[in-house]
Amino acid sequence: MRTVLVTGLGGAGRTTVAAATALAGARQGSRTLLISADAVPGFPPATEPTRVTGELWSVRIDSGEHFRSELLSLQDQLSGMLDLLGGNRLDGEELTELPGSTEFALLHSLRRAAHGDWSGAGYDLLVVDLPPLREALALLALPGQLRRYLRRLLPQERQAARALRPMLAQLAGVPMPAQWLYEAAARRDAELAGVQALIEDRATTLRLVAEPGPAAEDALRTARTGLALHGLRVDALVANRVLPRHSSDPWFAGLAAQQDKCLGHWREEWAAGDPPVQVPHLGRDPQGPDDLTALTGADDVLAVPVDGRDGGRAEDPWWIEEAGAPDGTDSADGILVWCLRLPGAVKKDLHLVRRGNELLLTVGPFHRIVPLESALRRCTVSGAALTDGVLRVRFTPDPALWPRTS
């Protein structure tokens with residue numbers, strides 16, 4: 001299954017582009033599912049996959065219902081403890097969803113789509129309407145972060161044998177975690193692992209939507225760095241609401257010229273000169289499949305190839321190379337260099353911390369924790385530099401951690 005994640009700058013029309021992308025895929029014969037938390041005009045608002053037209057299905061995320069069901073389930077698991085404490089159980093009707101519930105509901109929907117939990121599964125193309133760019137990057141990093149938290153707080157390899165827990169509880173003077181807690185953590189970890197695998201799959205790519213203009217140019221320069229930091233590859237930069245170039249109205253012509261200048265900059269900075277996909281301005285908000293078809297045009301400019309082409313991550317987001325000696329030879333006392341492309345990164349906004357077996361990277365508003373390869377875990381950081389858009393961190397082998405040779 002090919003997956004296209006659609007995000008963009010706020011107000012750029014990402015939901016419209018996501019729906020048009022899904023429709024274009026369906027017109028090419030791909031069995032397509034569109035997942036969105038927002039209403040799409042002309043699409044059914046059903047919370048289960050429902051046919052829109054032809055090979056296109058859509059589902060709208062009900063974050064409120066997901067929040068209530070999850071909280072009620074947790075309340076049932078904790079019923080013994082709540083009764084012991086004299087707590088009053090909550091009813092579903094009095095539960096109001098909290099901030100962040102939409103993101104968790106979206107992750108849950110991704111897991112269901114990836115594992116075929118919905119009836120009528122077997123989609124060729126999955127199109128996901130994500131939140132705006134900054135929130136989308138945080139959402140896509142969330143499965144890995146939550147799995148890391150679970151491993152730190154409830155490490156499976158350190159849980160005591162069930163038979164020893166009563167004795168350990170007496171010795172420690174505190175109750176040991178119940179078995180259901182570890183089992184629940186294992187289930188959550190498995191679910192998060194499935195979502196993380198979908199996001200990191202080679203057949204998953206990201207489609208970025210922006211409306212050409214000066215403000216969008218600055219935001220996209222920052223976005224390139226965040227996307228690279230998280231190892232996400234953009235399959236298309238979609239310039240939405242592009243105005244006709246020729247007009248007798250000076251004011252209208254000035255706006256079109258400004259857009260055209262911005263598109264020229266994007267051609268230089270993105271995709272090695274490949275032009276961004278241009279979606280025309282209809283002069284009104286699209287209202288259904290017919291308007292979405294008009295946006296894609298006769299050539300289906302938003303179509304997604306499903307077969308015969310790698311969808312996304314052809315290369316690892318970072319790599320390791322051996323450092324050369326100052327005289328140009330291959331030897332540099334075994335120093336290894338960890339490299340990461342960070343286009344648009346500025347040295348003053350870059351922070352790097354080594355903590356245990358992880359690198360903590362912060363670039364401007366973006367943050368990521370990267371686990372180190374086994375070879376680098378036996379090294380110490382001896383320097384770092386940002387040159388030509390590539391971060392290079394030098395690792396020197398620690399003699400105390402490497403096996404001795406004769």
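Is Asp 291 buried or exposed? In this predicted model, Asp 291 is buried, because its relative accessible area is 12% and the cut-off for buried is under 20%. The residue belongs to helix H10, which covers residues 289-296. Apart from neighbours within four places in sequence, Asp 291 has contacts with Leu 282, Arg 284, Asp 285 and Pro 286.

## The chain as a whole

The chain has 406 residues, and 40% of them are buried. Its secondary structure consists of 11 helices and 15 strands. Among contacts with a separation of 6 or more, 67% are between residues 24 or more positions apart.

## Helix H9 and its cover

Helix H9 runs over residues 250-269, a stretch of 20 residues.

The buried residues in H9 are Ala 256, Gln 259, Cys 262, Leu 263, Gly 264 and Trp 266. They are covered by parts of the chain that include strand S6 (204-210), helix H8 (214-229), strand S7 (234-242) and strand S8 (277-280).

Cys 262, one of these H9 residues, has a relative accessibility of 1% and therefore counts as buried. Cys 339 is buried as well, with a relative accessible area of 0%. A disulfide is a covalent bond between the sulfur atoms of two cysteines. How many disulfides does a search of the whole structure find? The search finds 0.

## Helix H5 and Ala 136

Helix H5 covers residues 133-153, and Ala 136 is found in it. With a relative accessible area of 1%, Ala 136 is buried. Its contacts, leaving aside neighbours within four places in sequence, are with Thr 7, Leu 130 and Pro 131. Leu 5 is 131 residues away from Ala 136 along the chain, yet the C-alpha atoms of the two are separated by 9.3 Å.

## Salt bridges

Side chains of opposite charge can pair when their charged atoms come close. The structure holds 17 salt bridges.

| Pair | N to O distance | Location of each residue |
|---|---|---|
| Arg 147 and Asp 189 | 3.0 Å | helix H5; helix H7 (residues 179-200) |
| Arg 241 and Glu 211 | 3.0 Å | strand S7; loop between S6 and H8 |
| Glu 321 and Arg 392 | 3.6 Å | strand S9 (residues 318-322); strand S15 (residues 390-397) |

The salt bridge between Arg 241 and Glu 211 starts from strand S7 and reaches the loop between S6 and H8, so it ties together parts 30 residues apart in sequence. Strands S6 and S7 and helix H8 are also among the elements that cover the buried residues of H9. Both partners are partly exposed: Arg 241 has a relative accessible area of 25%, and Glu 211 has 31%.

Glu 321 and Arg 392 meet in a salt bridge through their side chains. This pair links distant parts of the chain, with strand S9 on one side and strand S15 on the other, 71 residues apart. Glu 321 is partly exposed at 31% relative accessible area, and Arg 392 is partly exposed at 32%.

Salt bridges also link Arg 2, Arg 207 and Asp 235 in a network.

Which residues make the nonpolar surface patch of about 220 Å²? The patch is made by Leu 71, Leu 74 and Leu 90. Leu 90 is located in the loop that lies between helix H3 (79-85) and helix H4 (101-114). Its relative accessible area is 38%, so Leu 90 is partly exposed, in the range between the 20% limit for buried and the 50% limit for exposed.

How values were computed. Residues are numbered from 1 along each chain as its sequence is written. This is a predicted model: local features need pLDDT of at least 70, side-chain atom pairs count only at pLDDT 80 or more; totals for chains, interfaces and linings use all residues. Side-chain values use heavy atoms; hydrogens and water are left out. A disulfide is a pair of cysteine sulfur atoms within 2.5 Å. Buried means under 20% relative accessible area, exposed over 50%, partly exposed in between (1.4 Å probe, protein chains only). Patches are made of residues with over 30% relative accessible area and no salt bridge: like charges are joined within 9 Å, nonpolar side chains (Val, Leu, Ile, Met, Phe, Trp, Tyr) within 5 Å. Accessible areas come from the Shrake-Rupley method with a 1.4 Å probe; for residues, only the protein chains shown count as cover. A salt bridge is a side-chain nitrogen of Lys or Arg within 4 Å of a carboxyl oxygen of Asp or Glu. Helices (H or I, at least four residues) and strands (E, at least two) are DSSP runs, numbered from the N terminus. Contact means heavy atoms within 4.5 Å. The expected span of a helix is 1.5 Å times one less than its number of residues.
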